[in-house]
Amino acid sequence: MNFKMIGRFIALILLVEAVFMLPALIISLCSGEALAVSAFLKTMAVIAVVSGILILLCRSARRGMNAKEGLVCVGLSWIFLSLAGCLPFVFSGAIPNYIDALFEIVSGFTTTGSSVLARPEDLPNSILYWRSFSHWLGGMGVLVFLLALSPGDNQGAGFTMHLLRAESPGPAVGKLVPKMRKTATILYFIYIALTLLNILFLLLGNMPLFDAVCTAFGTAGTGGFGVRSDSIASYSPYIQYVTAVFMLLFGINFSCYYLILLRQFKSVFKDEELRLYIGIVAGSVLLIVANLWGTFSSAEETFRHAFFQVSSIITTTGYATTNFDLWPSFSKAILLMLMITGACAGSTGGGIKIARVLLIFKSLRRNIRQVLHPKKVQVIRSNDQVADEQILANTNAYLAAYVIIIIASVLLISLDGFSTTTNITAVLACFNNIGPGLEAVGPSCNFAGFSPLSKLVLIWDMLAGRLEIFPILVLFSRSTWLHR
């Protein structure tokens with residue numbers, strides 16, 4: 001295990017985190033938020049000390065990293081990011097309890113959006129900004145950002161692909177272009193362009209600049225931290241439609257946007273995952289509109305709320321325009337299924353991912369055919385290409401781990417005595433990086449009532465869900481740390 005190289009990476013990531021705190025520090029200075037100014041300065045000092053120690057201890061690190069070390073590096077980096085990132089909440093007194101503050105920032109970095117706060121609008125603007133920006137930073141991934149900024153030479157060859165694969169969502173990660181650094185740069189270019197476009201459309205709807213920036217951060221990262229306690233409900237229908245559309249856009253595989261830039265429109269239209277994603281959204285909206293007919297004052301309002309919540313849940317963003325916990329059981333059941341399905345692979349969304357759902361159903365169909373025709377060779381195709389058997393095996397392993405973690409987490413948080421619906425949807429909301437669940441963790445409630453133990457379980461679920469399980473699981477495997 002190349003511990004020194006991992007230590008250097010963690011130090012670098014912490015320093016990047018401190019740099020990203022500078023805008024929040026400037027906001028606190030301009031707003032006269034003395035406690036927030038002190039909080040960010042103290043946090044930066046802590047990060048500087050920890051990073052300095054790591055750099056000194058790891059100054060003779062050997063370049064290079066294998067797949068196992070890439071997984072460990074990603075898992076530990078996200079943990080250290082969270083341990084340091086929550087300090088402004090604690091030092092400013094916005095969230096004085098460290099476990100609660102850790103829950104909030106992990107929810108931010110993992111783009112979950114679950115919160116322990118009842119009234120976020122009571123927080124200082126700088127703290128609100130840092131809280132929302134954590135979504136944007138975690139959406140594409142801080143390690144992808146580092147790869148985009150890394151030198152263009154070959155010194156990092158051999159470990160950049162391992163890092164990108166460990167942090168990027170989906171059953172498989174490939175290169176858009178031959179060099180990984182350029183791939184990361186293209187991803188962030190698309191990400192930044194869509195974010196700026198989102199801010200522009202929100203400003204055209206007369207949304208305050210600060211609200212527009214924070215809302216766009218939450219939309220881009222599909223996170224869902226709002227600057228108001230009612231999320232998006234008090235904004236105009238125009239802003240709600242804009243947010244719903246951009247949530248769907250950020251839930252699409254970013255490679256589709258790259259193909260559009262290359263004018264390969266036919267390849268985009270033929271993408272099986274994209275077609276299924278659009279079909280699920282359209283079908284879900286129509287079913288919920290039919291089920292809610294007569295609930296709201298007009299057909300437009302019914303469609304708007306249904307469209308917004310479907311967009312929010314399938315992309316695992318978590319914004320809300322209404323308390324969908326009060327909807328009929330059929331509509332809530334649809335939203336529950338969308339929680340699990342999630343968005344496209346290669347997007348900023350969470351959940352199992354549409355690509356995995358496709359592979360799971362195709363594997364099931366192949367197994368049925370093999371039972372009927374045992375001597376016939378059956379292959380699975382995805383976008384007219386034969387699917388790699390290793391990817392299929394990884395998908396099955398992911399699904400098995402997914403179910404086991406869900407069951408174990410529900411059992412552990414059930415010790416708090418909440419209802420079964422609350423416990424199951426709280427775990428699904430955190431593990432799939434969605435935000436709100438149902439009943440006691442519904443869109444009008446929060447996670448403050450859970451015990452410290454349950455919050456730690458849910459923190460682990462958020463990290464495992466965002467990193468596709470395995471970079472977190474390997475940290476608890478004895479074989480990971482054995483020298484061989």
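This is a predicted model: local features need pLDDT of at least 70, side-chain atom pairs count only at pLDDT 80 or more; totals for chains, interfaces and linings use all residues.
Q: How many aromatic pairs does a search of the whole structure find?
A: Rings of Phe, Tyr and Trp (its six-membered ring) pair if their centres lie within 6.5 Å. With that rule, the whole structure gives a count of aromatic pairs of 24.

Q: What is the angle between the ring planes of Tyr129 and Phe133?
A: Planes under 30 degrees apart count as stacked, over 60 as edge-to-face and the rest as tilted. Tyr129 and Phe133 are a stacked pair with centres 5.8 Å apart, and the angle between their planes is 5 degrees.

Q: Which helix holds both Tyr129 and Phe133?
A: Helices here are DSSP runs of H or I with at least four residues, numbered from the N terminus. Tyr129 is buried at 11% relative accessibility, and Phe133 is buried at 6%. The two sit four residues apart, about one turn, in helix 7.

Q: What is the centre-to-centre distance of the stacked pair Phe303 and Phe307?
A: Both residues belong to helix 16 (residues 299-314), four residues apart. Phe307 is buried, with a relative accessible area of 14%. The planes of Phe303 and Phe307 are 5 degrees apart, and the ring centres are separated by 5.7 Å.

Q: Over which ring does the charged end of Arg131 sit?
A: A charge sits over a ring if NZ of Lys or CZ of Arg is within 6 Å of the ring centre and within 35 degrees of the ring normal. For Arg131, the distance to the ring centre is 3.9 Å, and the ring is that of Phe225.

Q: What length does the polar contact between the side chains of Ser115 and Glu104 have?
A: Ser115 lies in the loop between helix 6 (98-109) and helix 7 (125-140), and is buried at 10% relative accessible area. A polar contact is a pair of N or O atoms within 3.5 Å; within protein, one must be able to donate a hydrogen and the other to accept it, and residues adjacent in sequence count only if both atoms are side-chain atoms. The Ser115 side chain has such a contact with that of Arg131, at 3.4 Å. With the side chain of Glu104, the polar contact of Ser115 is 2.8 Å.

How values were computed
Residues are numbered from 1 along each chain as its sequence is written. Side-chain values use heavy atoms; hydrogens and water are left out. Buried means under 20% relative accessible area, exposed over 50%, partly exposed in between (1.4 Å probe, protein chains only).
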